[in-house]
Amino acid sequence: MHSSQITESKLGQPDTAASHHSAAVAAFIRERIDSAGGVLPFDEYMEAALYAPGLGYYAAGSRKFGPGGDFVTAPELGPLFGQCLAREVGPVLASLKEACVLEFGAGSGALAVSLIEALSRLDQLPERYCILEISPDLRERQRKRLEPIANQHGLDIEWLERMPDAPLEGVILANEVVDAFPVTRFRVRNEKPVRAGVCINGDGFAWDWIDDLGDDQSTMNIFCQYQLKEGYTSEVCHRSKAWMGALASALQRGVVLVIDYGFPAAEYYLPERSEGTLRCHYLHQAHNDPLIYPGIQDVTSHVNFSALADAGRESGLEVLGYTSQEAYLLGLGLLELASPQPNDDEKQMLKTAAEVKGLILPSQMGEAFKVMAFGKQADKPLQGFKLRDRSGSL
Ligand SMILES: C[S@@+](CC[C@H](N)C(=O)[O-])C[C@H]1O[C@@H](n2cnc3c(N)ncnc32)[C@H](O)[C@@H]1O
């Protein structure tokens, strides 16, 4: 996800329809806060702001992706990202019987389009392409966009309501999904970590702090291991652990690719990252206040890839590689795929150059974004890690 970081005072103003929608989401959250006794744990606030049925940012109908939305993701830049992934996914599918692709959180469907078209050209289409999308609104948009592509390629595309009942052979993909999982926020106060909550403050919301960490041993371990100082504020994503466990059970044989922005734990909890990694995206502007514009802005946090790797290993998956998006896409031949084609005019060449820059420049998505692969009985090594594998840093 890419947008420019600015101060909140310079944020664009919502139009009347967006303001009304946000007011309805805020009313829903106020009720939740009242029912919780005045303070709602932040992960529940984030869940409501993003996913409350019919209201949350992902559950309702705002544009979200691309130039007219709030942010741009790698597949939204153009087809090259999907074409590179096809070079990794295709051979895995070809090595398995009745192989399936399961894509989590398919957004606008852009990755599915470019991946299916590239796999078709490689003659490595899966038996089935499944999508597990939490947002009913996005599911509908995906269906409209993908059904013609499925017909054109004679491919069966299926939208799942939950993890598959029978374990599958194939590839599981999640691009920029884990950063959208609700997180627990904590702060060190009086020499111990306390949980962030959200309370009502006039017409808006304010932070509050819940002394009781409950049985949250992970946050306590992070506090101790990284010797976090007074005032240090950050996040822990408990849901990614449960999600990795469910993925591991859903995979009989094959590969999982998780692509997202994030770092290993030692970098995540660096002393200088003392305000944490929560980021909001609104009309291509990034800022740090998730308590404004509920339901009409995206709220995300960076992924702790060490924790994700641990969760995968504990669930029986093997970590097959971890590297930057830049190294991964270059390893899969991005530059070859981007080389000018005989029919390309100047406009197309400029477009492709901009796409390549967006994907791999360190100032854009190249370094902040990482690729982590897990496997179960998978053939090794994977092509994308041949230039550089940073698994040792996890
Ligand atoms: C930032 S968007 C990324 C969309 C797309 N993968 C892309 O790269 O453009 C996050 C997506 O994940 C979906 N999502 C969030 N949590 C999910 C979950 N637990 N299961 C499935 N999809 C989820 C959202 O609805 C949305 O489609």
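Predicted model: local features only at pLDDT ≥ 70, side-chain atom pairs only at ≥ 80, totals over all residues.

Me: Which residues of helix α7 are buried?

Reply: In α7, residues 217-225, they are Thr 219, Ile 222 and Phe 223. These residues cover an arc of only 100° around the axis and therefore lie on the same side of α7.

Me: What is found at the start of α7, and what follows the helix?

Reply: At the start, a side-chain oxygen of Asp 216 comes to within 3.4 Å of the backbone nitrogen of Ser 218. After α7 comes Gln 227, with a positive phi near 45°.

Me: How many residues does the largest nonpolar core have, and which have the most contacts inside it?

Reply: A core is read as a set of buried nonpolar residues joined through their side chains. The largest one here has 50 residues, and Tyr 129, Ile 157 and Leu 173 have the most contacts inside it. Helix α4 (residues 80-94) supplies the largest share of this core, 8 residues. Apart from it lies another core, of 30 residues, including Leu 40 and Tyr 58.

Me: Which residues does Leu 173 touch?

Reply: Leaving aside residues up to four places away in sequence, Leu 173 touches, among others, Leu 85, Val 89, Phe 104, Tyr 129 and Leu 257.

Me: How many disulfides does the structure hold?

Reply: The number is 0. One compares the distance between two cysteine sulfurs with the cut-off, 2.5 Å. For Cys 130, the nearest cysteine sulfur is that of Cys 100, 3.7 Å away, and Cys 130 is in no disulfide. Cys 130 is buried, at 1% relative accessible area, whereas Cys 224 is partly exposed, at 46%.

Me: How many aromatic pairs are there?

Reply: The count comes to 16. For each pair, one reads the distance between ring centres and the angle between planes. Tyr 226 and Tyr 269 have ring centres 5.6 Å apart and planes at 35°, so this pair is tilted.

Me: Why does this pair tie together parts that are apart in sequence?

Reply: Tyr 226 lies in the loop between α7 and β10, and Tyr 269 in the loop between α9 (265-268) and β12 (279-282), so the parts joined are 43 residues apart in sequence.

Me: Is Tyr 226 buried or partly exposed, and what of Tyr 269?

Reply: Tyr 226 is partly exposed, at 23% relative accessible area, while Tyr 269 is buried, at 3%.

Definitions and conventions:
Residues numbered from 1 in each chain as written. Heavy atoms only, no water. Core = buried A, V, L, I, M, F, W, Y, C linked by side-chain atoms within 4.5 Å. Buried < 20%, exposed > 50% of the residue type's maximum accessible area, 1.4 Å probe, protein only. Helix = DSSP H or I, 4+ residues; strand = E, 2+ residues; numbered from the N terminus. Contact = heavy atoms within 4.5 Å. Arc of directions from axis to C-beta. Polar contact = N/O pair within 3.5 Å; in protein donor to acceptor, adjacent residues only side chain to side chain. Phe/Tyr/Trp six-rings, centres within 6.5 Å; stacked < 30°, edge-to-face > 60°.
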